[in-house]
Amino acid sequence: MSAKAITEATGKDILNRHLNQHGAGAANCRFATVNAETDWSKLSIDHPWLLTTPLVVKPDQLIKRRGKLGLVGVKKNFEEVKQWIGERLNKDQKIGNAVGKLRNFIIEPFIAHTEAEEMYVCIYSHRSADTILFYHLGGVDIGDVDAKAVKLDVKVDSTLSLADVKTTLLKAITDAPKKERIAKFIYGLYATFADLYFTYLEINPLVVTADNLYILDLAAKLDSTADFICRPKWGDIDYPPPFGRDAYPEEAYIADLDAKSGASLKLTILNRNGRIWTMVAGGGASVIYSDTICDLGGASELANYGEYSGAPSEQQTYEYAKTILNLMTSSPKHPDGKVLITGGGIANFTNVAATFQGIITALREFQPKLIEHNVSIFVRRAGPNYQEGLRRMRDFGSTLGIPLHVFGPETHMTAICGMALGKRPIPQVASVEFSTANFLLPGGQQAQADLKEANEAAGLGSALRSTTAQSIKLPPISADESDGLATNNHQQGQSNGANSNFNRKFFSNTTKAIVWGMQQRAVQSMLDFDFICRRDEPSVVAMVYPFTGDHKQKYYWGHKEILIPVYKKMSDAIHKHKEVDVMVNFASLRSAYDSTLEVLEFPQIRTVAIIAEGIPENMTRKLIVEANKKGVAIIGPATVGGVKPGCFKIGNTGGMLDNILHSKLYRPGSVAYVSRSGGMSNELNNIISKATDGVIEGIAIGGDRYPGSTFMDHILRYQSDPETKLLVLLGEVGGTEEYDVCAAIKDGRITKPLVAWCIGTCASMFTSEVQFGHAGSCANSDRETATAKNKALRDAGAYVPDSFDTLGELIHHVYGELVKTGRIVPREEVPPPTVPMDYSWARELGLIRKPASFMTSICDERGQELIYAGMPISEVLNKDVGIGGVISLLWFQRCLPPYVCKFFEMCLMVTADHGPAVSGAHNTIVCARAGKDLVSSVVSGLLTIGDRFGGALDGSARQFSEAYDTNLHPMEFVNKMRKEGKLILGIGHRVKSINNPDVRVKIIKEFVMENFPQCPLLKYALEVEKITTNKKPNLILNVDGVIATAFVDMLRNSGSFTSEEAQEYINVGAINSLFVLGRSIGFIGHYMDQKRLKQGLYRHPWDDISYVIPEQYN
């Protein structure tokens, strides 16, 4: 939802900070807020006027007409206010059908005034303008303000002037100074309204006294999608739930997930103890499922409304499902058990298998509680990878221990609602999958037809088999002599959106488009669609992406690879591709406005599709105005786009090729539809393909309050297209555009048969307001309800089903009548060409296998959370395993004991550095002073590590362990090495000796002796040291030797490794790793030190070099 109501306190706080910056000249609103946690003594200290002024008190919970309801206390002192609130706090209050508790109150000073000083001001936004209402007699008894108030429309592309306010709104104000003050106030109020992205702002009364203007009661809504613009001015906004519905922490949790995700996640709890729970994919589908449940008598038991869409990740879906399952199983058990309806339409781009895996994980976690609560689960879904998703769900269902029924696109979308509520039999026929990903399996079309006939015989499965089939009486379809050509006088006008932008065909089989954004999957989908439609050339000729330089991107055109240019600048793309007239804009909600404005400057662009959801309404309205000026048609925002079968599709419309093949979108049919919902447009493709000869064009105008094009814009296009024979409209609750369609049917502008249904009929059955998935799907009056619009459409002459459940059946009957009367002549089916499946998709489906180029067993970054050897990174941090613990996970694939982790960390500390003179540090310093970067300098130091410097740990470990394992006496070992002429690695130091011991060795040795369960190799090395130091004092056990032998003792005696594993780590050179890692710390330190000291290029002095040159040339 974009327009969200705020509390009176929040609204007054915003006005206090910004209103008078625009010259409104109003008094600041003084107020204090109270709830159950309020400390009254502190409140009176923070607001001392509470003790000295008569007060007004009222609840602040989005309750309308509080005065009429007796919910305003007037002229009370502080103690009386406390008593007034105490009598009502946390008490049930019935307002209309809603019952809720009063929890939040606002206290204000009483402003002494007369009724003549009370006035009414309201500003609200709509598609083409902002309307200002003013009435000079405000207050509780204002009555029908729409009939009484003076109106002034401020067009989207215009500005308000003081003169307009005075001459239009303030005619009833005769006092000139007073008129001037009120005019400045309204002017400043409107400037604040526009600047801060309000969508509704009502003040009743506005009190105008001789010396000031006071805002007494205020109601307001903000465009919440403008948060990224207005947050610095708004501050943190808390949007309260409507009265009668409490805010639950689970709702807040899902809202937080939604805010952090590119997907859409919504949850509204309607009845905490209800038995019918839903987990529905898609904004439109979620409304239809709620409608169907309510139509079947389940309104009182419906527990929640919500939706997930926009390709949430597996982890996000898991979190969403877990939240719903926790709510479902933490409420009291129901004697009839509970049902979970996991439904959805046919997804356009969401990976069904991935989202289902998240749901399955949550179901597995809650399995005991689901059994305890006697839960039955009904699943219906389709879309990308749905076959694998349904298979996983069925396989899991066989082990869950409760009924889990799974259906695909062969079953009508809402059929599972009737099954779940016992109103429809649960079919036992196993579903047949006719395709896998991009392939229609051999015989698939015939198999589909066979199953269709079988279902007809059994009375199961699709929208065309409804128990109410016999009750529908189809009015006769009148002959349309012009067959839709725009010849009658009505169609020559500009009313109801029939402007020049839309008096043309949008797409053909030669349409060329530019795509804004690096949307490789969507572009490939468009190219694959072009190919199966037998287009001669790809529809996408270029892409624009301002974050990279000009380059070319590789795509597939059927079996071969092609290159599509990517431009940094829109102007370059436009000028180099003069044939383009469509732009598909995948820019984010933050940049979609600017990128669309930019493309409107180029006359060759005639159609723009804006995919992004959540563009602020003011920006959308400005885009509509600019597009109308330039004669450009806009589809969206908040849309998946549209499709012209056999010609062109926008982005991800239609989903994967398997669905395009199922829905026969590769060739034109006879039915054109327009819908708000992108997800439901795909479901309409499916329904229409089963009920008729298919779709000729389908547009999803978008779910925002102000879509760039309206229902009428497209319906009148379809009306004027001779190839279009039947129209389908899927409207929804909210807005009034469907009434334009009613008027057009009545006055003859629409003569073709129109099947229409408005979703959201359940809204009237809820006791409190519910905002559905789309921003525009909220009724602000009875006229905007789905029920009222369906009745109006039926009365106007449209064919309106009893519910969405029977929509397909009605379309089938109307189509049959058109065929019977000869208006439609079904054409012979032509099979489409095959398109090879993408390798990545085939691999995901498990259809192919290929040896991996790499294997890894230590880390997995693919999920929602990074995993180290099976341990999530959050757990790594929460358990505080330290660097030693991370080493144990990534190097050894296990959690080693704390003393081992501590040993690792000690080794890193003592080996981190040994001064600038050693070869590794020296090299690093020289490189740093030569101006090399950090990585190059550190690598030059690391490359010196070997047997002579630092890298003796592995060699030392091998020598000592071999001697120990072959039972050589320490003296025998020393003598053997001397005979072989080999140095004992780990013995000897250039500086340290038995008389000047190395403290590092002492520290590690004492730690190992004290903490390791056994350390036989270290003790053996110390015996060797006794022998070597007798020969020479500096032949001590050095740092390499003590670390190496202790490391071997850890591998062999910690109990964490087998003897084979221990030996393998010794053989692969793992022990050197501690020195390499530790010394890297020191090398980085030397690099930073040289840069900090700004040391110049190093040149070795001549006097430190012995030049040994032959005396003469031979």
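Visitor: What does buried mean here?
Guide: Buried means under 20% relative accessible area. This is a predicted model. Of the 1114 residues of the protein, 55% count as buried.

Visitor: How many helices and strands does the protein have?
Guide: There are 38 helices and 37 strands.

Visitor: And what does the C-alpha trace span along its principal axes?
Guide: About 115 × 85 × 80 Å.

Visitor: What share of contacts join residues at least 24 apart?
Guide: Take the contacts between residues at least 6 apart in sequence. Of these, 74% join residues at least 24 apart.

Visitor: Let's zoom in. Where is serine 44?
Guide: Serine 44 sits in helix 2, which covers residues 40-46.

Visitor: Is serine 44 buried or exposed?
Guide: Buried. Its relative accessible area is 12%. That counts as buried because the cut-off is under 20%.

Visitor: Which residues is serine 44 in contact with, leaving aside neighbours within four places in sequence?
Guide: Leu50, Leu51 and Phe78.

Visitor: What lies 2.7 Å from a polar atom of its side chain?
Guide: The backbone oxygen of serine 41.

Visitor: How far is serine 44 from glycine 345?
Guide: Their C-alpha atoms are separated by 56 Å. Along the chain, the two are 301 residues apart.

Visitor: New topic: helix 9. What should its 13 residues span?
Guide: Helix 9 runs over residues 283-295. At 1.5 Å a residue, it should span 18 Å. The end C-alpha atoms are 19 Å apart, which agrees.

Visitor: How many residues of helix 9 are buried?
Guide: Twelve of the 13, so helix 9 is mostly covered. Among them are Gly283, Val287, Tyr289, Asp291 and Cys294.

Visitor: What follows helix 9?
Guide: Glycine 297 does, and its phi is positive, near 90 degrees.

Visitor: Now helix 13. How far apart are its end C-alpha atoms?
Guide: They are 20 Å apart. Helix 13 has 15 residues, 386-400, and should span 21 Å at 1.5 Å a residue. The two values agree.

Visitor: Which residues in helix 13 are buried?
Guide: The buried ones include Tyr386, Leu390, Met393, Phe396 and Leu400. Gly389 and Gly397 are buried too.

Visitor: And what comes just after helix 13?
Guide: Glycine 401, with a positive phi of about 90 degrees.

Visitor: How are two packed helices described?
Guide: By the angle between their axes and the distance between the axes.

Visitor: OK, at what angle do helix 35 and helix 36 cross?
Guide: Roughly 150 degrees, and their axes come within 7 Å. Helix 35 is residues 1016-1031, and helix 36 is residues 1039-1053. The two are therefore roughly antiparallel, because angles over 145 degrees count that way.

Visitor: Which residues make the contact?
Guide: Helix 35 brings Pro1016, Leu1017, Leu1018 and Ala1021. Helix 36 brings Val1042, Thr1045, Val1048, Asp1049 and Asn1053. By class, that is six nonpolar, two polar and one charged.

Visitor: Last pair: helix 18 and helix 19. Are they roughly parallel or antiparallel?
Guide: Roughly parallel. Their axes cross at roughly 5 degrees and come within 10 Å. Helix 18 covers residues 592-599, and helix 19 covers residues 617-630.

Visitor: What makes the contact there?
Guide: Tyr593, Thr596 and Leu597 of helix 18, with Met619, Lys622, Leu623 and Glu626 of helix 19. They divide into four nonpolar, one polar and two charged residues.

Methods:
Residues are numbered from 1 along each chain as its sequence is written. This is a predicted model: local features need pLDDT of at least 70, side-chain atom pairs count only at pLDDT 80 or more; totals for chains, interfaces and linings use all residues. Side-chain values use heavy atoms; hydrogens and water are left out. Helices (H or I, at least four residues) and strands (E, at least two) are DSSP runs, numbered from the N terminus. Buried means under 20% relative accessible area, exposed over 50%, partly exposed in between (1.4 Å probe, protein chains only). Contact means heavy atoms within 4.5 Å. A polar contact is a pair of N or O atoms within 3.5 Å; within protein, one must be able to donate a hydrogen and the other to accept it, and residues adjacent in sequence count only if both atoms are side-chain atoms. The expected span of a helix is 1.5 Å times one less than its number of residues. Axes are lines fitted to C-alpha atoms, for helices over the stretch in contact, and angles run from 0 to 180 degrees between N-to-C directions. Angles under 35 degrees count as roughly parallel, over 145 as roughly antiparallel, 65 to 115 as roughly perpendicular and the rest as oblique. Ala, Val, Leu, Ile, Met, Phe, Trp, Tyr, Cys and Pro count as nonpolar, Asp, Glu, Lys and Arg as charged, and the others, Gly among them, as polar.
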